[in-house]
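Reader: Hello! I am new to this structure and would like to learn how to read its features. Could we go through them together?

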Amino acid sequence: MASLISAMLRRQIRLFKPFLSNFSITASRNLQEVLGELGAKAMGEKVEYQDLHIAAIPAALAVPVELPPEDPRIVLYLHGGGYVAGSIKYAKGFAGVLAVKANLRVLCIAYRLAPENPFPAALEDSLAAYEYLLEQGYAPENISLIGESAGGGLLFSLCLLLKSLGRPMPGRLVALSPWTDLSLSGESYQTKRKEDPCLSIKEIEGFVHAYCPQNPRDPLASPLFGELSGLPFCRIYVGEDELLLDDSRLMAEKLCLAGVDCRLKVEPGLWHAYVLYGVPEANTALEEIKEFFEENLYGEAD
């Protein structure tokens, strides 16, 4: 059962759903910027940001002030927004929260957006960011990927691309309500229409049309249809009451069948990308994610 705070917030989100579903792309982008700025301000002086560019892509490094400088780990955060929204201001919001909660460096990027830059622009930019970290001297096993919604699907697509290129994989993956199936074939797109307080089918279909209308089942756009063996250790968080529930559930099943260490957590009564909302269940998830980043998964001496 959802916490009282989450239940109250859910009702408020549902009230705004008709307005948010009809937002233009420009309005959605502006709203996300505001949300990102609020997230960054919430961390106050606990985190410092270093603005940079990677292959002309706006990026930022969020560094918690209490982090020991010798810590060799880093997280690459890929933001959500249906591939059509999400500036660096938005990305810095959750990057700062994650940096403080996990006490790790977090690199975030503002990959190119559709419809101006359709598939595979976001994937190409994500690859550039990952290659940048390797060039900076980070060992692949010390790089973790995390992303929500479109960014959650994108991190799986990035791993499939790395595998095809023969490049080293990152050490860990954390996907928050990942969008892994742009063909929208999961049953939850029908069964959760009334329960989802955030998203609408019309809105998601618009994202598909903007980003990858020609072949939405391409594994590099919809990693659910990819060959998943050899992917890194993975944790997936999803709300029980969201249209994208089956994107997570089916992805977790296929990962496990492919021999990947993947654990799925379905949070009762929660909604899309709930981990970004600061509710009690989100705080619990962030604690679990911190522990996952700290786990000795490779049998090496601490």
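Author: Gladly. Let us begin with a definition: a salt bridge is a side-chain nitrogen of Lys or Arg within 4 Å of a carboxyl oxygen of Asp or Glu. Keep in mind that this is a predicted model, in which local features need pLDDT of at least 70, side-chain atom pairs count only at pLDDT 80 or more, and totals for chains, interfaces and linings use all residues. Residues are numbered from 1 along each chain as its sequence is written, and side-chain values use heavy atoms, with hydrogens and water left out.

Reader: How many salt bridges does a search of the whole structure find?

Author: The search finds 15 salt bridges. One of them joins the side chains of K192 and D241, at 3.7 Å from N to O. K192 lies in the loop between α6 (188-191) and α7, and D241 in the loop between β7 (233-239) and α8 (245-257), so the pair ties together parts that are 49 residues apart in sequence. Helices (H or I, at least four residues) and strands (E, at least two) are DSSP runs, numbered from the N terminus. The pair also belongs to a network of salt bridges that links R10, K192 and D241.

Reader: Is K192 buried or exposed?

Author: First the general idea: buried means under 20% relative accessible area, exposed means over 50%, and partly exposed is in between (1.4 Å probe, protein chains only). K192 has a relative accessible area of 16%, so K192 is buried.

Reader: Which side chain meets K92 in a salt bridge?

Author: That is D51, with 3.1 Å from N to O. The two come from distant parts of the chain: K92 is in helix α3 and D51 in strand β1 (residues 47-54), 41 residues apart. K92 is buried, with a relative accessible area of 17%, whereas D51 counts as exposed at 59%.

Author: For another case, take R167 and E131, whose closest N and O atoms are 2.8 Å apart in a salt bridge. This pair also links distant parts of the chain, with R167 in the loop between α5 and β6 and E131 in helix α4 (residues 121-135), 36 residues apart. R167 counts as partly exposed at 32% relative accessibility, and E131 is buried with a relative accessible area of 18%.

Reader: What is the nearest side chain of opposite charge to R172, which is buried yet has no salt bridge?

Author: Charge is counted simply: Lys and Arg are positive, Asp and Glu negative, while His and the chain ends are not counted. For R172, in strand β6 (residues 172-176), the nearest side chain of opposite charge is E295, 6.3 Å away. The side chain of R172 does reach backbone oxygens: that of E295 at 2.2 Å and that of F292 at 2.9 Å. A polar contact is a pair of N or O atoms within 3.5 Å; within protein, one must be able to donate a hydrogen and the other to accept it, and residues adjacent in sequence count only if both atoms are side-chain atoms.

Reader: Where does the charged end of R172 sit?

Author: A charge sits over a ring if NZ of Lys or CZ of Arg is within 6 Å of the ring centre and within 35 degrees of the ring normal. The charged end of R172 sits over the ring of F292, 5.9 Å from its centre. Likewise, the charged end of R217 sits over the ring of F225, 3.9 Å from its centre.

Reader: How is a pair of aromatic rings described?

Author: By the distance of the centres and the angle of the planes. Rings of Phe, Tyr and Trp (its six-membered ring) pair if their centres lie within 6.5 Å; planes under 30 degrees apart count as stacked, over 60 as edge-to-face and the rest as tilted. By this rule there are 8 aromatic pairs. The rings of Y83 and Y211 have centres 3.8 Å apart and planes at 5°, so this pair is stacked. Y83 is in the loop between β3 (74-78) and α3 (88-102), and Y211 in helix α7 (residues 201-211), 128 residues apart. Y83 is buried at 1% relative accessible area, and Y211 is buried at 2%. Ring pairs link Y83, Y111, F119, W179, F207 and Y211 into a cluster.
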